[in-house]
Amino acid sequence: MRYTQDESYYLLDVGEEAVVYLGLKEGVYPEQMISELKEAQISGKFDVEKHIGKYPVKNTIIY
């Protein structure tokens, strides 16, 4: 299949306190994050905000 564009679009329906997690933070060590992800498979707990950027989202309707 041949694609005609290189970008992607995400459409979201959000609530009042919505956030998007996007991109690794500065100073994140891949080995440490991978280790914590492996531990999370057992414990069910992963500190996302330690490694990933968190951005508030506002619900905007565009006509």
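1. Confidence. In this predicted model, confidence within the chain is lowest in strand 1, residues 19-24, where the mean pLDDT is 89. It is highest in helix 1, residues 30-43, with a mean of 96. Over the chain the average pLDDT is 86, and 89% of the residues score at least 70.

2. Order of elements. The chain contains 2 helices and 2 strands. Read from the N terminus, these elements follow the order β-α-α-β.

3. Dimensions of helix 1. Helix 1 is built from 14 residues. The distance from its first C-alpha to its last is 20 Å, which is close to the 20 Å expected at 1.5 Å a residue.

4. The buried side of helix 1. Met33, Glu36 and Ala40 are the buried residues of helix 1. They lie on the same side of the helix, because they cover an arc of only 65° around the axis. As a general point, an α-helix has 3.6 residues a turn, so residues three or four places apart point the same way. Elements that cover the buried residues of helix 1 include strand 1, helix 2 (48-51) and strand 2 (52-56).

5. The opposite face and the end of helix 1. Glu31, Lys38, Gln41 and Ile42 are exposed, and they sit on the face of helix 1 turned away from its buried side. After helix 1 comes glycine 44, which has a positive phi, near 80°.

6. Histidine 51. This residue belongs to helix 2. Is histidine 51 buried or exposed? Its relative accessibility is 2%, so histidine 51 counts as buried; the cut-off for buried is under 20%. Which residues does histidine 51 contact, once neighbours within four places in sequence are left aside? The contacts are Gly23, Leu24, Lys25, Val28, Met33, Glu36 and Phe46. Among them, Met33 and Glu36 are also buried residues of helix 1.

7. The chain as a whole. The chain has 63 residues, of which 14% count as buried. Where contacts join residues at least 6 apart in sequence, 72% of them link residues at least 24 apart.

Notes: Residues numbered from 1 in each chain as written. Predicted model: local features only at pLDDT ≥ 70, side-chain atom pairs only at ≥ 80, totals over all residues. Heavy atoms only, no water. pLDDT = per-residue confidence, 0-100. Helix = DSSP H or I, 4+ residues; strand = E, 2+ residues; numbered from the N terminus. Expected span 1.5 Å × (residues − 1). Buried < 20%, exposed > 50% of the residue type's maximum accessible area, 1.4 Å probe, protein only. Arc of directions from axis to C-beta. Contact = heavy atoms within 4.5 Å.
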